[in-house]
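The following note sets out a few points for a colleague's attention. Please read it alongside the model.

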Amino acid sequence: MGGSQSVFSEQELSDYQELTYFTKKEILHVFKRFQTLDPDSVERDKNAKLNRETILKLPELQVNPFNDRITTVFSSAGDGCMTFEDFLDMMSVFSDNAPKNVKVEYAFRIYDFDEDDVISGKDLREVINRLTGEQALNDEEMEQLIQNILEEADLDDDDSLSFAEFEHVISKAPDFINSFRIRL
Amino acid sequence: MNQTKQAKEHEDGPMHLQKEDKNEVEQNELRFRRTSQAAILAQLPSRQTFFSEAGFTLGRRLSCIERRKSHLHQRASMTPSIAVGMEDDDAEEMVMANRRVSHAVSITDGVKSITDQWERTQSIKAMVASIHTKRKYRDEILQEPVQRTQIWKYQQKKAWQNFKQQTKNVLYQLELWSGAFKEIEGQFGTSVMTYFRFMRWLLFLNFYLMVVMLGLTMVPYVIKINRPWSFLDSPHPNNTGSNFTGDDFFEKALNCTKNYIGFLDNQTNSEDWGSKALDTLQGTGWMEHTVLFYGTYFNKTYSLPLVEGRLTYNMGLSYLLATGAAFLVSFFLLVKNSAKGVKSSVLDEGSGQMTQFCNKVFGGWDFCISNQKAAKEKHKNLTQELRGDLDNQKLLWKIENRTTREKAKLYSIRVVVNTVVLGFLVGSLYLIYYANNKLIDLQREFGDVHPIVQTLIQFMPSVTITLLNIIVPIIFKKLVEFEDYMPAFQMQITLLRTVILRLASLLVLMGSLYGMVVKDHDHFVDDCGNKRWQTINNTSEAPIKCWETYVGQQIYKLIILDFLVPFVLTFIVEYPRRLVYQKFHERFKVVNMMGQQEFDLPKAVLDLVYTQTLCWMGLFFCPFIPMMSLVKCFIFFYVKKGTVLNNCIQPVRPFRTSKSNSLFIAVLFISFIISCGPMTYMIGTISPSQSCGPFRVYSVENFIFFDTIRNLIFTFPSDAQKFFHIFGTMAFFIPAIGLTCFFMYYYCVQAVGYKRRAKLLKEDLIMEGKDKQFLLARVNEAWMYIEG
């Protein structure tokens, strides 16, 4: 604990505290986890850019079916490499203190696989396939499920979910806020 | 390429189009429409705010600040700059370009004073952007020149914010068991976590109860300042000026106490070590006169060295007030916890729309899971759940198409099953009542048998209750399958039936105790406030010389059993079951069919609720019960954690986290209200025993517990007395009840109005969406026309 404290100056720590949803202790804890991913590079430069495979060594991300989307969305360079700031950003959004609207926006970006700012039927299909893993649903069930989702959420009948519709339906989904978090 | 192909088709004329070409044309049109649509949509004001770096919500907030200014701003940028007949790539580039140019309101709008500046920097936190972007904006805000007015307001707010941060930092370290929670969450997800969180909440509740009860009753009792050790040594109250009957009651109490203590000493002196050990389990014998039970407490009169005269610590009053405070604290904490649940459940069912599929798909994956094995399980469970829901939907469709004959058959089956369930409930209750009464007869028959057999006989009612609580819910689970309900409803109704069983069994126990203690008996002399003071006719039924301690002992026995049985069961059943499964499940099919232990969440929660109900019911008679519950919660946490992590697999149909928490609290609340009932009845109608306890000195002939408070009020000045008297009259109660009903009705009506409004707004939203589609289609037609 003492070691990582000397890495950041007091000013930097209070900066981070102001810009994220973490307290100073939590920020240091996040840094410790970041360091364990690749101790050598982080020793040399605390803002080292770790590539995607290294980031995905984190146990919580390793088993997550959306891990590639998460790294893409949160990486500032857009290619999946993350610096410590990106990592802190990610953990901050996934923490308990992040407000619901922030989580909803990021969730929308994560679930939008083709990045066309709507969650189309294709995106939904990809999400469901990732969720079910090895035991995939057959075509008929998949169709039924997609139809149900669009029926519940798509208000303007354009066969895709815009952000407003997504936010509207998530506000009525009580499990979202409980499951969309990672505790370090 | 798009254009040339379309030009070619127009040359040929529509008549010559082959079917494939027609499809291809349609596809092209669709693609064209989509890209041009995307280009238009990117210019919509709502999209602009979304794509601004400030994010959707912040952008929305900012644009509300100065609407007029932003209106002018956006009107200038609304001229459609889409080139007609553009290619796919161009359209995409256009979308990207529009995305980068932020037409939303600048982030420094409306920042005038230093307080505004500070507030705006705080709202940066809610931006959906990277730290880098947030930092940029924050610096931008801080660079704006502002008036330094009202600095004190800004400093106040800042200080308050810092204070909140500091307390959060400190509290975070004090959180109990957070490491263990993370472990369980990683492997099992949030639905099992709610059970452990509930356990932790109960632990803290018991801690507060313990502090209140023990602080007000035991601590003053054991303070060593020249206190009298036993009631028999208490000095007489001064009888100067008081009525003569006061002394009478004191004498009576003294005599009764002497008799009782003599009786107890007789019993305990003739006991050997073995019996003494058994007494620990039962709470009789030497334990009866310890601080554990109600019996030993009495009004202490101290003579402090420097104070003239004597001080009396009114133990009776403090006892009553401690019980009242304990119930109030429980009530307050329960309401606070259930308020959270009510809020979210109102949101859930507010608009009356079910979003179960979206909920499962978008909120289904628990991001907390960090274990490979658990992740596989979760995938499997999710698939099963989704399949189950889809099947449910098909079932619902089927139900709608049920013929009348099928319905009639189903309803008659349901009526039969409900009658059977009711029969089981009544049967179990009668069994408990019978066991209680048989206890007396058995005691008579086996009066002089080995003490261990005697102990077993003593435990018979408690064992009956515990056994019934284990066996009957299994029967309920099997019965409910005949009723053909939806699976979620099946779980709820089984839970409801089991809760009724548990609470009813406790009530029956209370009822039979009441029968023993308050009714007149033929074989007994009624004296000293106890109906079973002494035996006539030389029966070998034991007299009860202090009925409050007797009731306390029964509850104490229940609690001991409640602790031992699950503890032993865990080690006897669950660990071996896992070992057997691991070793034999490949060889023996039977073992494989039995499967692994599933964590039965409703049953585990009911166990916790049962313990807490026992705690509330026994508070009055045995002030140490909250501490025993506390110890039980603490030990059981580790036991359950061990068994869950090692022996159990994830439940196949997990409970929905949000709904389950509010369900648990609701069940706990019902138990709380039910345990208040006997207590209030007792305080209001029954006479305390004169041989033990802090109420042994009566002040009137038919003294009841509540008279202590009445006497206290009589010592107040007469105006205060009048004020308290109003509470007892009808003139207070009827308007109070009327007013409460009125407010409840008002809030209910308001809630109905909000629901309706939400529905209307949603319809508006749908209509707006349809309008947008219509207009986009028209614009597209216009283009195509220009194009063609």
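Is B:Phe695 buried or exposed?

1. B:Phe695 is buried, with a relative accessible area of 2% (buried means under 20% and exposed over 50%, with a 1.4 Å probe and protein chains only). B:Phe705 is likewise buried, at 0%.

2. This is a predicted model, in which local features need pLDDT of at least 70, side-chain atom pairs count only at pLDDT 80 or more, and totals for chains, interfaces and linings use all residues. Residues are numbered from 1 along each chain as its sequence is written, chains are lettered from A and ligands numbered from 1 in the order in which they are written, and side-chain values use heavy atoms, with hydrogens and water left out.

3. Over all chains, 47 aromatic pairs are found (ring centres of Phe, Tyr or Trp, the last by its six-membered ring, within 6.5 Å; planes under 30 degrees apart are stacked, over 60 edge-to-face, the rest tilted). B:Tyr319 and B:Phe620 pair edge-to-face, 5.3 Å centre to centre with 85° between the planes. The ring centres of B:Phe695 and B:Phe705 are 5.0 Å apart with planes at 85°, so this pair is edge-to-face.

4. Chain A contributes 75 residues to the contact and chain B 72 (heavy atoms within 4.5 Å). Six salt bridges are counted between the two chains (a side-chain nitrogen of Lys or Arg within 4 Å of a carboxyl oxygen of Asp or Glu). One of them joins A:Asp15 to B:Arg135, with the closest N and O atoms 3.4 Å apart.
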